Amino acid sequence: MWPFWWKGASGFSAHSTAEQVTHGIDVTALTAIVTGASSGIGVETTRVLALRGVHVVMAVRNTDSGNQVREKILKDTPQAKIDVMKLDLSSMASVRSFASEFKSLDLPLNLLINNAGIMACPYTLSSDNIELQFATNHLGHFLLTNLLLDTMKKTANESNTEGRIVILSSEGHRYAYREGIRFDKINDETSYNTLQAYGQSKLCNILHATELARQFKEQGVNITANSLHPGSIMTNLLRYHSFINTLGNAVGKYVLKSIPQGAATTCYSALHPQAKGVSGEYLMDNNISSPNSQGKDTDLAKKLWEFSLTLTGEEES
């Protein structure tokens with residue numbers, strides 16, 4: 001089945017599932033936050049991390065849906081440690097509230113899985129008056145990560161265990177606007193293109209991980225940051241494009257990944273010993289891959305960082 005069966009240097013392929021890439025790994029001492037954990041590959045990521053012993057905090061917009069997922073996982077894995085907390089990444093107030101509530105629990109934080117996302121939605125502004133795909137896919141995760149960094153650094157230092165930040169991007173980053181990130185036109189409705197705006201937000205995900213990794217190395221912090229493409233999977237991301245959604249449902253089982261396969265690279269990046277010390281990389285099919293030239297642009301990554309600090313009102317720590 002096309003490249004599905006090709007195994008890379010890791011020994012895994014596009015065909016590998018999240019359970020397969022984490023087989024035999026016991027990480028009962030770790031705590032993780034998974035955003036968008038109540039649907040799509042977020043559910044499978046949560047399930048497999050919990051199966052391997054991770055205490056998972058599901059960060060979700062709809063806590064009722066989150067609790068339903070939690071109960072279903074607990075039914076199959078009674079020993080799973082899972083909490084559900086409300087998080088709307090399109091709202092900076094919600095992100096701040098979530099981070100404050102999480103820190104009040106005084107839990108460690110080893111893994112931050114920035115999984116949630118929306119795709120190709122009609123032009124919409126967030127509650128903070130920022131284009132919704134940029135606000136949700138990048139800016140909300142940027143702010144969340146910044147607010148939780150001190151907790152992650154403290155955990156890594158006290159536990160002497162490497163922290164890992166995993167940011168879900170997409171091969172869609174290759175189809176961003178020609179200039180990559182339109183800093184001066186983030187909210188320009190007249191030239192808005194649903195798929196290019198999605199690509200822009202996914203390029204931001206890669207550059208976010210790149211700049212985090214650079215800063216961690218410079219600071220000597222025992223945390224890694226990587227981005228990844230989970231693969232082409234039929235989830236509800238394409239709900240705004242009915243034709244593509246219908247076509248995908250018809251032929252998807254022949255050419256697309258299943259959800260267990262789609263969650264594999266996330267789980268590999270978060271838990272596998274092979275990923276220890278790997279930082280600032282873009283992964284695909286459980287192996288290190290390569291983004292486009294804009295995804296490798298360290299100056300663009302720094303510019304995005306400063307732009308994001310300005311939009312979120314965060315001070316450089």
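## A helix pair

Helix α5 (residues 132-159) and helix α10 (residues 298-312) pack at about 85°, with their axes 10 Å apart. α5 is therefore roughly perpendicular to α10 (65 to 115 degrees; under 35 is roughly parallel, over 145 roughly antiparallel, the rest oblique). Axes are lines fitted to C-alpha atoms, for helices over the stretch in contact, and angles run from 0 to 180 degrees between N-to-C directions.

From α5, the contact (heavy atoms within 4.5 Å) uses Phe-134, His-138, Leu-139, Phe-142, Leu-143 and Asn-146. From α10 come Leu-304, Trp-305, Phe-307, Ser-308, Leu-309, Leu-311 and Thr-312. By class, this contact has nine nonpolar, four polar and no charged residues.

## Basis of the model

The model is predicted: local features need pLDDT of at least 70, side-chain atom pairs count only at pLDDT 80 or more, and totals for chains, interfaces and linings use all residues. Residues are numbered from 1 along each chain as its sequence is written, and side-chain values use heavy atoms, leaving out hydrogens and water.

Helices (H or I, at least four residues) and strands (E, at least two) are DSSP runs, numbered from the N terminus.

## The sheet

The open sheet has eight strands in the order β3-β2-β1-β4-β5-β6-β7-β8, with mixed pairing. Pairing takes at least two DSSP bridges between two strands. β3 (81-86) and β8 (287-289) are the edge strands, each pairing on one side only. From one strand to the next, the twist averages 25°.

Helix α2 (residues 40-51) lies across β1 (31-35), β2, β3, β4 and β5, and runs at about 170° to β1.

Strand β4 (residues 111-114) pairs with β5 in the parallel sense over four bridges. Leu-112 has Ile-165 as its bridge partner. β4, α5 and β5 form a right-handed β-α-β unit (with the strands pointing away from the viewer, the path from the first strand over the helix to the second runs clockwise).

β5 also pairs with strand β6 (residues 223-229), parallel, over six bridges. Leu-168 stands opposite Leu-228. The crossover from β5 through helix α6 (residues 194-219) to β6 is right-handed. α6 lies across β5, β6 and β7 (282-284), running at about 160° to β6.

Definitions and conventions
Ala, Val, Leu, Ile, Met, Phe, Trp, Tyr, Cys and Pro count as nonpolar, Asp, Glu, Lys and Arg as charged, and the others, Gly among them, as polar.
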